[in-house]
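Here is a short briefing to read alongside the sequence and the 3D view.

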Amino acid sequence: MAPDAGGRVLSRDEVDRALARRGAEHEAIESSLLALQDHAGRRLLDGAELSGTTRERWSHAEETVTALWQWFDTASAALTAARRLRARRRHPSSDDLAELTALVSGDGIVLAGTDGRLVERVTWADLVERMNAGYARVLDMVIAADAVWSALPARIDFLAAEQHRLRDLAHAAGVRPGTHPAGDELARVTEELTALRAEVIADPLAFWRPTGGSSAPGGGRPDTARYDRAARALDDIRREVEAVIDVRKDAEARLVRLRDVLSRADRTLAEARTARGEVLAKIAASEVPAVSGPSTVLHERLALAADYRRRALWHRLSPLLEDLEVRAEDELQRARASLSAVTEPLAVRAELRGRLDAYKAKAARYGKAEEPMLVERYDVARRMLWSAPCDLRAAENAVLRYQRATAEALVSGPVRAPDAGGGDR
């Protein structure tokens, strides 16, 4: 008698139980193969013009599917043969049990090659394991391709529709290829979406990322990196187009503000030039900075911006206005700094005058203002500060001398005049 895989012949009850298990396994395998045959992803793969990784893997998968059905037919034949043999007698003979054991538990199943020659003898368990492994490989590929086709093309189509609407909006705003960077980028994204959709349809497995460590078929996710980059690029383009449209809405108001800022800068520079002449006349100083004239470049660019607005060249006006707004504010700050720089000597003179009068008032409160030394030093400092041109350094020293003399008078009484051979104490 031919033993089973464990080295013994099964009893009648064991054979019956084994036949029941093999029948259930047979039905489950048949259901799985039929479901695979009817799977939407499988039908799409059958009818698609594939390329790349998907074409290569599907070619192997089709061979596996053919082998699965051949193995299933072999299993069906072995199960049918076992059932017929078991149905001959209510109480099978020893030879019947040996043959049944070989069919349901031993290596009595023969797998033949395509040319009909014997390939190998296997057990039912080995055959089922082989079928399950092949089925899992094919199902994994079918699920992956179906998942990519279900996820990406629809999203790409939706993004393409958004791109068409954005293109119309961009063209209305003058954002076109060759005239604005956003127009060039929009054309590039359009080409990318077209190419991406074609690649996804032809080679879906190139856009599948399996989940590491998962043995279940279909473990993974579609790779949306290129789609996500295109979506982000469209968002950036949309913001740029909206900025151009905003320019169209408030261009006149921004131009008015720019004219006002430049006008204030020009007036401030004119005031600084006038003040410089006054300073040079009143202050004996050679370090008064020169004052430049109005910025002809900014005025020319402002005129260019007004021309862009008249010609509705919004895509050119937008960056020009942004640049002008920054540079006009810088110009106004520069003018104010020039005015402060050229009038600083006058401010220093005014501060010295105020300090001199403040110390005289202090001396008067204590009855010391008419002290001869204080009167003399006050008169010297005042003549320097109220003469033109004023030597600020000499005047400051005179004010300091009066300040020290006042402090001494308040502390030690009347200030004595210097003797003939000495200076101030």
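Two residues are in contact when they have heavy atoms within 4.5 Å of each other. By that rule, and not counting residues up to four places away in sequence, Arg155 touches Thr224, Tyr227 and Asp228. This is a predicted model, in which local features need pLDDT of at least 70 and side-chain atom pairs count only at pLDDT 80 or more, while totals for chains, interfaces and linings use all residues. Residues are numbered from 1 along each chain as its sequence is written, and side-chain values use heavy atoms, with hydrogens and water left out.

**Overall picture**

- The protein chain has 11 helices and 4 strands; these are DSSP runs numbered from the N terminus, with helices being H or I of at least four residues and strands being E of at least two.
- The radius of gyration of the protein chain is 50 Å, whereas a compact globule of 425 residues would have one near 22 Å. That quantity is taken over C-alpha atoms, and the globule rule is 2.2 Å times the number of residues to the power 0.38.
- Taken along the principal axes, the C-alpha atoms of the protein chain fill a box of roughly 155 × 65 × 30 Å.
- Of the 425 residues, 39% count as buried. Buried means under 20% relative accessible area, exposed means over 50%, and partly exposed is in between (1.4 Å probe, protein chains only).
- If you take the contacts in the protein chain between residues at least 6 apart in sequence, 72% of them join residues at least 24 apart.

- The expected span is 1.5 Å times one less than the number of residues.
- The buried residues in α1 are Val15, Ala18, Leu19, Arg22, Gly23, His26, Ile29, Leu33 and Leu36.
- Helix α2 (residues 40-47) has Gly41, Arg42 and Leu45 buried. Seen down the axis of α2, these buried residues fall within an arc of 100°, so they line one face of the helix. The arc is that of the directions from the helix axis to the C-beta atoms.
- The partners of the buried α2 residues are α1, α3 (52-88) and α5, against which they pack.

**Helix α10**

- With 14 residues, helix α10 (residues 372-385) should span 20 Å at 1.5 Å a residue, and this agrees with the 20 Å between its end C-alpha atoms.
- Met373, Leu374, Arg377, Tyr378, Ala381 and Leu385 are the buried residues of α10. They fall within an arc of 125° when seen down the axis of α10, so they line one face of the helix.
- Pro372 and Arg383 are exposed on the other side of α10.

- Asp146 is found in helix α5 (residues 124-172).
- Asp146 is buried yet has no salt bridge, and the nearest side chain of opposite charge, Arg43, is 8.4 Å away. For charge, Lys and Arg count as positive and Asp and Glu as negative, while His and the chain ends are not counted.
- Leaving aside neighbours within four places in sequence, Asp146 is in contact with His39, Ala40, Gly41 and Leu44.
- Arg155 also lies in helix α5, and it is partly exposed, with a relative accessible area of 35%.
- The C-alpha atoms of Arg155 and Tyr227 are separated by 8.3 Å, although the two are 72 residues apart along the chain.

**Salt bridges**

- A salt bridge is a side-chain nitrogen of Lys or Arg within 4 Å of a carboxyl oxygen of Asp or Glu, and the count by this rule comes to 22.
- Glu162 forms a salt bridge with Arg165, with the closest N and O atoms 2.0 Å apart. The two are 3 residues apart in helix α5, which means they are separated by about one helical turn.
- Asp235 and Arg238 meet in a salt bridge at 2.7 Å, N to O; both lie in helix α7, 3 residues apart.
- Glu162, Arg165, Asp235 and Arg238 are linked in a network of salt bridges.
- Glu192 and Arg226 meet in a salt bridge at 2.9 Å, N to O. Glu192 lies in helix α6 (residues 181-202) and Arg226 in helix α7 (residues 225-282), so the pair ties together parts that are 34 residues apart in sequence.
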